[in-house]
Amino acid sequence: LLSGGFGSLAVYANGSISLSKAVHLDLAPKTSLALTAHEVSVAGDIVSPGGSVSLTGRATIDHLDTDAPTAMVERLPGTRVDLAGKWVNDVLDPAALKFELVAIKGGSFTASAAGTTRLGEGTLIDVSGGAWLTGTPLKQKTAAGDAGSIRLQATFPLVNPIGSIEAPAGNPLLIEGELRGYALGQAKGGKLALVTSRVSIGLSLIHISEPTRRTPISYAVFC
């Protein structure tokens with residue numbers, strides 16, 4: 001996909017979409033990837049500096065009377081969705097970046113389902129900002145990129161038109177992985193939105209701020 005030059009890819013399925021551990025999607029900077037199905041499962045890596053990834057679990061024509069939809073990043077160590085901005089040193093080799101798209105701002109990640117949304121243990125979602133060093137060895141300038149956003153949503157309709165789908169038991173939104181939204185210097189930290197009726201969070205895995213950055217990550221929880 002990187003060599004093909006695609007800037008946007010959307011995949012839809014009535015059943016399920018699954019990216020196995022063996023899959024590594026190395027996408028071009030600022031690529032948009034959207035996966036929509038009754039069940040969306042990601043166990044492999046997705047990389048796109050400054051890109052956008054959306055996983056959506058929704059009711060489909062083939063699953064009107066079965067379990068609630070799900071959107072999940074599997075609990076496999078090392079699984080990552082890396083949408084962080086690049087760290088670019090134009091001073092060392094300016095010619096190397098002549099025709100390259102420079103993406104220093106962090107991207108956006110969304111996982112939502114009308115059922116269960118889960119980030120498994122050992123996974124990483126990174127929308128941190130990068131930086132770009134320009135100029136000459138004697139006169140340098142650094143431009144810092146803002147961090148991006150993460151939105152995790154697990155909702156169940158108050159009125160079920162089908163009447164046969166049971167609301168998921170336990171926590172519809174389960175976060176066991178690591179979320180990152182760092183930024184350098186005066187750049188803006190990342191944004192985190194959690195939308196659900198009940199949520200279970202390992203707060204030690206969510207990086208809200210760091211001592212070297214004055215601007216903290218902003219976050220909101222809607223229950």
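Predicted model: local features only at pLDDT ≥ 70, side-chain atom pairs only at ≥ 80, totals over all residues.
Arg80 and Asp82 form a salt bridge in which the closest N and O atoms are 3.2 Å apart.

**Salt bridges**

Side chains of opposite charge can pair when their charged atoms come close. The whole structure holds 3 salt bridges. They are set out below.

| Salt bridge | N to O distance |
|---|---|
| Arg80 and Asp82 | 3.2 Å |
| Asp45 and Arg80 | 3.7 Å |
| Arg180 and Glu178 | 2.9 Å |

Asp45, Arg80 and Asp82 belong to a network of salt bridges.

Arg80, with a relative accessible area of 28%, is partly exposed. Asp82 is also partly exposed, at 21% relative accessibility. In the separate pair with Glu178, Arg180 has a relative accessible area of 28% and is partly exposed.

**The sheet**

Strands of a sheet pair through backbone hydrogen bonds, either parallel or antiparallel. Here, 5 strands make an open sheet in the order S3-S6-S9-S13-S18, and their pairing is parallel. Strand S3 (24–26) and strand S18 (178–180) are the edge strands, each pairing on one side only. On average, neighbouring strands of this sheet are turned by 5 degrees against each other, direction ignored.

Within the sheet, strand S9 (residues 80–82) pairs with strand S13 (residues 124–126) in the parallel sense, over 3 bridges. Asp82, which takes part in the salt bridge with Arg80, has Asp126 in S13 as its bridge partner.

**Ser128**

Where is Ser128 found? Ser128 sits in the loop between S13 and strand S14 (131–135). Its relative accessible area is 7%, so Ser128 is buried.

Which groups does the side chain of Ser128 reach? One is the side chain of Asp126, through a polar contact of 2.7 Å. Another is the backbone nitrogen of Tyr182, at 3.0 Å. Leaving aside neighbours within four places in sequence, the residues in contact with Ser128 are Ala84, Gly85, Gly106, Ala147, Arg180, Gly181 and Tyr182. Arg180 in this list is the residue that meets Glu178 in a salt bridge, and Asp126 is the bridge partner of Asp82.

How values were computed. Residues numbered from 1 in each chain as written. Heavy atoms only, no water. Pairing = 2+ DSSP bridges. Helix = DSSP H or I, 4+ residues; strand = E, 2+ residues; numbered from the N terminus. Axes fitted to C-alpha atoms, helices over the stretch in contact; angles between N-to-C directions. Buried < 20%, exposed > 50% of the residue type's maximum accessible area, 1.4 Å probe, protein only. Polar contact = N/O pair within 3.5 Å; in protein donor to acceptor, adjacent residues only side chain to side chain. Contact = heavy atoms within 4.5 Å. Salt bridge = Lys/Arg side-chain N within 4 Å of Asp/Glu carboxyl O.
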